[in-house]
Amino acid sequence: MAGGVSSSSIMETLFQRTLEDLIKGLRLQLIGESAFVSKAIEEIRREVKSTDPHTKSTALQKLSYLASLHFHDMSWAAFHVVEVMSSSRFSHKRIGYHAASLSFHDDTPVLLLITNQLRKDLASTNEFEVSLALECLSRISTPDLARDLTPEIFTLLSTTKIFVRKKAISVVLRVFAKYPDAVRLCFKRLVENLDSSDPQILAAVVGVFCELASQDPGSYLPLAPEFYRILVDSKNNWVLIKVLKIFAKLAPFEPRLAKRVVEPICDHMRRTGAKSLMFECIRTVISSFSEYESAVKLAVVKIRELLVDDDPNLKYLGLQALSVIAPKHLWAVLENKEVVIKWLSDEDPNIKLESLRLVMAMVSESNVVEISRVLVNYSLKSDPGFCNEILGSILCTCSRNVYEIIVDFDWYVSLLGEMSRIPHCQKGDEIENQLIDLGMRVKDVRPELLRVARGLLIDPALLGNPFLHRILAAAAWVSGEYVEFSRNPFELMEALLQPRTSLLPPSVRAVYIHSAFKVLIFCLHSYILQSESITSSFPDNLVLGVSELVLKKNMLEGSELTTCEAPSAHRSEGFNPRNQSYEDLSIKNGGDRTINHGQTSTPAFSENIFTYDSIINLINQVELALGPLTGSHDAEVFERTRHILCFIELIKGEITECLVQKGKTLESEEMKASKIIKLISDAFSEELGPVSVSAQQRVPIPEGLLLKENLDDLETICADFQVPESNLFSLGSPYYGEEVGVSSFGLQDKEESEPSNEATSLLTEHRKLHGLYYLASEKNEIVGNDYPPANEPKLQVNPNNDTEDLVKLTVQSLATNKKPNHAKTRPVVVKLDEGDLVTVTAKRPETKDDLVSGAVREVLLGSDTRTATSQSNPSDKSSSKRKGKEKINVDRSELKENLGDSEKPKHENPSSRKNKHRISGKERRHKSAGKIGEEREENGQKGMQKSSHRHARHKAPHRSDAPLNVVSQTPVIPDFLL
Amino acid sequence: MIHFVLLISRQGKVRLTKWYSPYTQKERTKVLRELSGVILTRGPKLCNFVEWRGYKVVYKRYASLYFCMCIDEEDNELEILEIIHHYVEILDRYFGSVCELDLIFNFHKAYYILDELLIAGELQESSKKTVARLIAAQDSLVEAAKEQRSSISNIIAQATK
């Protein structure tokens with residue numbers, strides 16, 4: 001019965017929890033929140049089915065609350081949302097629309113149902129209902145919705161109700177994005193709104209063009225006169241900022257435009273009191289008009305003002321602006337270097353980072369050594385995050401374009417070694433790459449590289465730091481590959497086999513073992529060479545030693561029987577790397593040897609270094625250290641260990657015999673062992689070089705090899721292995737804790753859990769405590785174009801005097817611009833013909849061709865006559881407009897003059913110059929239009945191939961026709977602003 | 001354009017979220033988690049901008065609430081700070097010295113006000129007075145309907161007693 005239904009709904013209404021009840025309830029649940037929420041959702045599920053619109057809408061409101069703040073799924077309620085949207089009561093409708101714009105997305109099935117509702121509301125006489133529908137459409141517009149509702153939007157674009165029209169203008173952007181054909185209908189009206197005298201309308205429409213122009217600036221060039229008028233006439237900072245953005249985007253497409261707008265922009269920059277507008281002027285000039293020197297100079301002056309401001313925001317933006325300008329006008333950075341370096345020690349990590357970037361921008365061939373020195377010292381004092389930023393940027397700057405700015409590679413390699421030892425260093429991968437890369441590319445640096453590698457390997461403390469493992473791997477590789485530069489290979493071997501290598505991950509360990517193999521081969525090979533030469537030249541000498549050798553051999557055989565015991569005796573004598581005295585000794589030896597054997601680049605060993613004794617020791621040492629690893633579970637480690645042990649097995653017997661025999665018979669038979677050693681040694685001494693990035697492409701694909709072209713199914717296989725998204729923001733580390741926060745935390749909690757009336761007293765207390773974060777009690781009525789007061793401008797006393805030293809230091813280093821650092825000539829750096837050098841493509845503004853701009857171009861170019869008529873049509877009586885027109889007229893003559901005489905003064909005939917310029921301009925445009933046409937045709941075809949969408953197929957021929965029109969029409973474009 | 005607006009309390013509780021670009025529910029939670037981690041840990045006298053995933057997030061703290069807006073790289077940060085301030089002033093005027101609790105219990109009103117201030121990720125109304133007037137007009141629409149409704153339901157409720 002009807003009565004039953006209504007009474008039950010009344011009961012529901014009476015006992016329904018309101019939104020406030022829900023919120024209060026939630027706030028009381030400190031622990032069992034989820035239980036409370038699921039109970040509430042259960043209620044909502046029941047209530048939302050109610051026939052009473054009030055009950056239903058309240059339920060929906062509660063659900064929206066849970067969805068937007070507690071992220072509960074509300075997709076199940078989509079149909080109820082539609083029901084509430086269609087309610088005739090505004091209060092319900094509003095709840096429904098809010099829920100829709102919160103929860104609907106392109107795939108929501110019920111979207112099909114709301115087209116008519118939206119259409120009805122868009123045409124409603126109640127402007128608030130229209131506004132709801134527009135708001136909703138801006139969030140959830142789909143191609144279908146956009147297509148079906150375009151006529152309504154078109155009507156609203158010229159409605160007299162300003163409140164509705166401004167919203168319609170903003171929403172048009174979303175409609176265009178989803179349904180490009182709407183441009184054909186609506187664009188004209190949108191352009192007409194540029195003439196509006198209402199500031200809100202103007203702001204909205206300029207905002208739309210700003211967004212449109214960011215996608216394809218070229219298409220909007222014909223509107224430049226309108227924008228110019230706004231730039232000159234408007235007093236509204238919101239509008240001006242957007243117009244500046246538009247010009248920044250248009251400028252690269254039309255060089256003559258820049259000439260016209262630079263002056264007004266500078267005027268704004270000089271005159272405005274609003275920092276936001278001033279900053280926008282600066283940004284526009286430095287990004288798009290950087291060839292206008294006077295403007296840039298003015299901008300740099302203004303940047304300077306920002307830099308020295310106490311407001312951290314302005315500081316930050318000033319630094320950012322400098323880094324934009326740095327590539328083209330480095331002088332601007334150099335002029336401000338003291339400030340920039342000063343902010344390197346700011347408390348704000350973002351500001352520090354920006355100033356670091358700028359310091360790196362100042363680095364050049366002549367000052368790289370000094371700046372790196374200062375920065376490395378600085379990184380020692382920084383927190384881990386920033387320390388690594390510093391190291392990263394040094395590494396990145398120095399390795400740019402194949403170490404372009406490095407002259408002294410020995411210095412750089414030792415710097416890498418030094419950086420590895422910085423406690424917070426986490427740049428292991430990069431340092432590893434560079435160490436190996438340098439070894440392969442720069443021959444002359446190898447001795448120094450080996451020295452650095454030795455230093456790293458020999459230090460047992462480094463093995464414990466997992467961030468350094470990659471670097472150690474590189475060092476190990478270097479020590480194996482370039483062992484011929486070593487003064488004491490035995491020492492390297494010790495380092496490679498030291499017990500603490502067990503701390504290394506298997507992959508690094510494998511490199512260690514392989515390097516040990518290389519070192520071993522080198523030693524054996526050197527030994528053989530040496531003994532051969534000795535045998536031939538001083539046979540007597542060797543004979544003397546033979547008896548000794550025989551003894552040793554016996555001992556060795558003994559040790560073979562008891563592998564474990566004998567070598568351990570060796571070990572205890574001094575192979576333990578932890579034995580400090582031994583190390584010192586060996587280092588000393590190395591040092592002595594340097595002195596003795598001076599500058600010889602060929603391996604300089606004392607004669608007695610490769611004795612029989614030492615070789616046998618070496619072999620034993622290797623066997624002992626690697627023996628346990630034959631049980632390794634890591635394939636790589638296991639295999640490499642086996643290699644080296646088998647090799648030893650192979651040669652061990654013979655090498656001793658061979659020597660004995662040689663000593664005895666003097667006729668040197670070619671022995672198997674020495675043959676093997678030579679062979680392997682030859683293999684290892686084959687020089688490794690850098691590999692081009694594109695090397696793989698040059699390898700021809702073997703015939704009969706079928707490569708799968710479509711790897712789509714790979715995605716399904718890999719779906720489970722999601723690569724963790726790289727977090728671009730690297731500074732949010734918890735090191736920058738809050739200082740103020742902790743003390744007032746308890747207070748906050750209390751405030752949370754108490755009802756609102758009791759909170760007021762606490763609130764005043766809180767306000768006292770955190771006055772900084774409250775609105776000023778006296779209301780500032782100046783309409784908000786002025787920048788809000790910054791955080792307390794308390795000038796902080798510079799905490800560390802280091803900074804000042806740093807400034808001085810770096811200033812010095814920066815000042816020595818022409819330091820004759822070239823006493824040493826730069827060694828050859830191997831470069832590959834391709835792939836190495838970063839291809840510096842000329843930054844040509846590219847025309848991104850999408851459907852919207854295609855349509856826009858069509859409308860704009862096709863309707864040039866219209867633009868002209870609307871301009872000459874005095875229907876719009878606004879005086880500002882007429883003024884604008886006059887201005888444009890004046891400009892025309894002015895510009896002609898400019899073009900004539902000021903642009904290229906060397907040309908003798910101004911008039912011919914002018915003509916030429918004009919023609920070239922036209923040609924250029926013509927060409928670009930043609931190219932765009934081609935691209936579009938491609939797009940059209942692609943669309944046909946790919947999309948099974950009926951719509952796209954239907955439109956394709958039309959689209960490919962369009963560019964032809966464009967091309968034929970281009971010559972008709974009036975010269976903007978001429 | 002503005003991609004989203006977030007209000008986060010100092011304890012990390014979310015007070016308002018408005019998404020102008022499409023984000024799935026999962027992404028929304030992720031964004032919130034990441035950003036509140038980044039922003040709430042920043043000290044009081046640092047700059048109000050954070051670079052985040054190729055976007056910029058402009059935030060400002062008022063009382064115990066952080067107002068955050070995410071914008072494109074080339075957008076004007078200072079302009080966004082002004083918009084935030086603008087919004088806070090309007091809220092302040094509407095609620096009469098606004099505090100966090102006002103926003104907690106009137107979460108829908110905070111949305112309605114935001115909807116009058118921004119549309120499709122752009123500022124639509126720069127006059128505080130106009131926004132206040134529009135909101136008042138809509139409120140009165142709702143109030144009128146409410147009175148009507150409550151009177152009817154009263155009648156029925158009494159009739160069914």
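Predicted model: local features only at pLDDT ≥ 70, side-chain atom pairs only at ≥ 80, totals over all residues.
Reader: Where does Gln124(B) lie in chain B?
Author: Gln124(B) sits in the loop between strand 7 (122-123) and helix 5 (128-160) of chain B. Residues are numbered from 1 along each chain as its sequence is written, chains are lettered from A and ligands numbered from 1 in the order in which they are written, and side-chain values use heavy atoms, with hydrogens and water left out.

Reader: Does Gln124(B) count as buried or exposed, and why?
Author: Buried means under 20% relative accessible area, exposed over 50%, and partly exposed in between (1.4 Å probe, protein chains only). Gln124(B) has 1% relative accessibility and therefore counts as buried.

Reader: Which residues does Gln124(B) touch?
Author: A contact means heavy atoms within 4.5 Å. Leaving out residues up to four places away in sequence, Gln124(B) touches Lys166(A), Lys167(A) and Gln200(A), and also Asp115(B), Glu116(B), Leu117(B), Leu118(B) and Ile119(B).

Reader: How is the secondary structure of chain B made up?
Author: Chain B has 5 helices and 7 strands, in the order β-β-α-β-β-β-α-α-α-β-β-α along the sequence. Of its 161 residues, 67% count as buried.

Reader: How many helices and strands does chain A have?
Author: Chain A has 47 helices and 0 strands. Of its 978 residues, 51% count as buried. Among contacts in chain A with a separation of 6 or more, 73% join residues 24 or more positions apart.

Reader: What span does helix 1 of chain B reach, and what is expected?
Author: The expected span is 1.5 Å times one less than the number of residues. Helix 1 (residues 25-40) of chain B has 16 residues and reaches 22 Å from first to last C-alpha, close to the 22 Å expected.

Reader: Which residues of helix 1 of chain B are buried?
Author: They are Arg28(B), Val31(B), Leu32(B), Leu35(B), Ser36(B), Val38(B), Ile39(B) and Leu40(B). The face turned away from the buried side carries the exposed residues Lys26(B) and Arg33(B).

Reader: Why are helix 22 and helix 25 of chain A described as they are relative to each other?
Author: Their axes, from residues 368-381 and 409-420, come within 12 Å and cross at roughly 10°. Axes are lines fitted to C-alpha atoms, for helices over the stretch in contact, with angles from 0 to 180 degrees between N-to-C directions. Angles under 35 degrees count as roughly parallel, over 145 as roughly antiparallel, 65 to 115 as roughly perpendicular, and the rest as oblique. Helix 22 and helix 25 of chain A are therefore roughly parallel.

Reader: What is the phi of Val402(A)?
Author: Val402(A) has a positive phi of about 55° although it is not a glycine. Val402(A) lies in helix 24 of chain A and is buried, with a relative accessible area of 7%. Asn401(A), in helix 24 (residues 400-403) of chain A, has a positive phi near 50°.

Definitions and conventions. Helix = DSSP H or I, 4+ residues; strand = E, 2+ residues; numbered from the N terminus.
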